[in-house]
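Welcome, and please open the model in your viewer. We will go from stop to stop, with something to select at each one.

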Amino acid sequence: MRNPLIVTLTLSVLFSAPAAAQVTYYPDGNYPYGNGYRIFLSAASHNPDRGSCLTVQGYPSATENDLGWATSVSAADGFSDNDDVYPNTYDLTERGYTVQIGYTSYQENVNQSNAFGAHAHLPVHSNAEGTTPNCSTPTSRAGMWGMYRTSDNNSYRLAYYLHAYLAGLTPGTNDKLCLITTCVGSNLHEMEVSNAHTRAYLEQEFHTNEAGTKWMYHDLSWQHKIASAIDYHFGSPRW
Ligand SMILES: [Zn+2]
């Protein structure tokens with residue numbers, strides 16, 4: 001992220017709707033053969049008709065789906081390519097991963113993830129509270145949630161690293177590392193149907209909190225932390 005012009009252009013591209021049901025990003029230039037790992041980022045794709053509190057606080061033209069897509073693209077390939085000076089800000093392709101981002105229904109996303117042979121399957125959503133039109137979360141209850149499956153150590157480890165890298169960066173002060181059944185109240189389809197070695201579920205922040213929304217919508221400084229968490233989980237195979 002050394003060139004502010006590139007960052008500005010990237011932001012406008014990020015919020016354009018993708019043309020395909022999924023998009024694949026390949027390992028970057030100076031590491032073309034990659035590290036052999038495939039990551040599927042399953043961007044939020046709620047049916048706009050379904051729902052309550054899908055619209056983003058402070059940005060009525062945007063939805064949770066846009067935030068899920070934008071964050072996934074940034075984590076996959078949003079940072080300056082092959083910038084060996086700053087390896088801490090590498091995105092997933094710079095770390096050697098092949099990444100697919102799904103942007104259809106969650107059922108189709110996980111089916112595609114299995115067809116892709118993903119080593120990790122990570123839904124990228126944001127959280128919400130309330131009922132339309134009263135969708136609101138105070139900063140004291142907002143924050144990221146790294147969620148993991150029952151009795152699944154790989155799931156726990158990735159959720160743990162996501163929490164370790166992102167907690168404290170979010171505007172909300174209630175960041176959580178939590179069991180899916182505890183936080184959501186039931187199992188989640190994608191987490192059960194996925195065949196991936198590692199399955200975790202990310203709620204980036206609450207889009208019913210305006211500060212949280214601004215962080216997801218305008219701040220492009222932190223999404224590479226998702227790449228760091230995934231890379232740490234797999235043992236940083238590039239290095
Ligand atoms: Zn969601």
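This is a predicted model: local features need pLDDT of at least 70, side-chain atom pairs count only at pLDDT 80 or more; totals for chains, interfaces and linings use all residues.

Residues are numbered from 1 along each chain as its sequence is written. Helices (H or I, at least four residues) and strands (E, at least two) are DSSP runs, numbered from the N terminus.

**Stop 1: a hairpin**

Strand β3 (residues 55-56) and strand β4 (residues 59-63) are antiparallel and joined by two bridges; strands count as paired if DSSP finds at least two bridges between them. Look across from Val 56 and you will find Tyr 59 of β4. Two residues separate the strands of this hairpin, and in the turn Gly 58 has a positive phi of about 90°.

**Stop 2: an enclosed helix**

Now select residues 64-77, helix α2. Its 14 residues span 20 Å from first C-alpha to last, close to the 20 Å expected at 1.5 Å a residue; the expected span is 1.5 Å times one less than the number of residues. Is this helix buried or exposed? Because 14 of the 14 residues of α2 are buried, the helix is largely enclosed by the rest of the structure. Here, buried means that 20 or more other C-beta atoms lie within 10 Å of a residue's own, exposed means 12 or fewer, and partly exposed is in between, with C-beta atoms placed from the backbone.

From Gly 68, draw a distance to Ile 101: the C-alpha atoms are separated by 9.9 Å, although the residues are 33 apart along the chain. Ile 101 sits in strand β5 (residues 98-102) and is buried, with 27 other C-beta atoms within 10 Å.

**Stop 3: a cis peptide bond**

Zoom to Thr 132 and Pro 133, where the peptide bond is cis with omega near 5°. Pro 133 belongs to the loop between β7 (130-131) and β8 (134-135). For context, most residues other than glycine have a negative phi, and most peptide bonds are trans.

**Stop 4: a β-α-β unit**

Strands β9 (residues 145-148) and β10 (residues 176-179) run parallel, joined by four bridges. With helix α4 (residues 153-166), β9 and β10 make a right-handed β-α-β unit; right-handed means that, with the strands pointing away from you, the path from the first strand over the helix to the second runs clockwise.

Within β9, pick Gly 146. Which residue of β10 is its bridge partner? The partner is Leu 177. Gly 146 is buried, with 26 other C-beta atoms within 10 Å, and its C-alpha is 9.2 Å from that of Ala 167, 21 residues away in sequence.

Ser 151 lies in the loop between β9 and α4. Its phi is near 55°, a positive value in a residue other than glycine, and with 8 C-beta neighbours inside 10 Å the residue counts as exposed.

**Stop 5: two packed helices**

Finish at Ser 236, in the segment after α8. This residue has a positive phi of about 45° although it is not a glycine, and with 13 C-beta neighbours inside 10 Å, Ser 236 counts as partly exposed.
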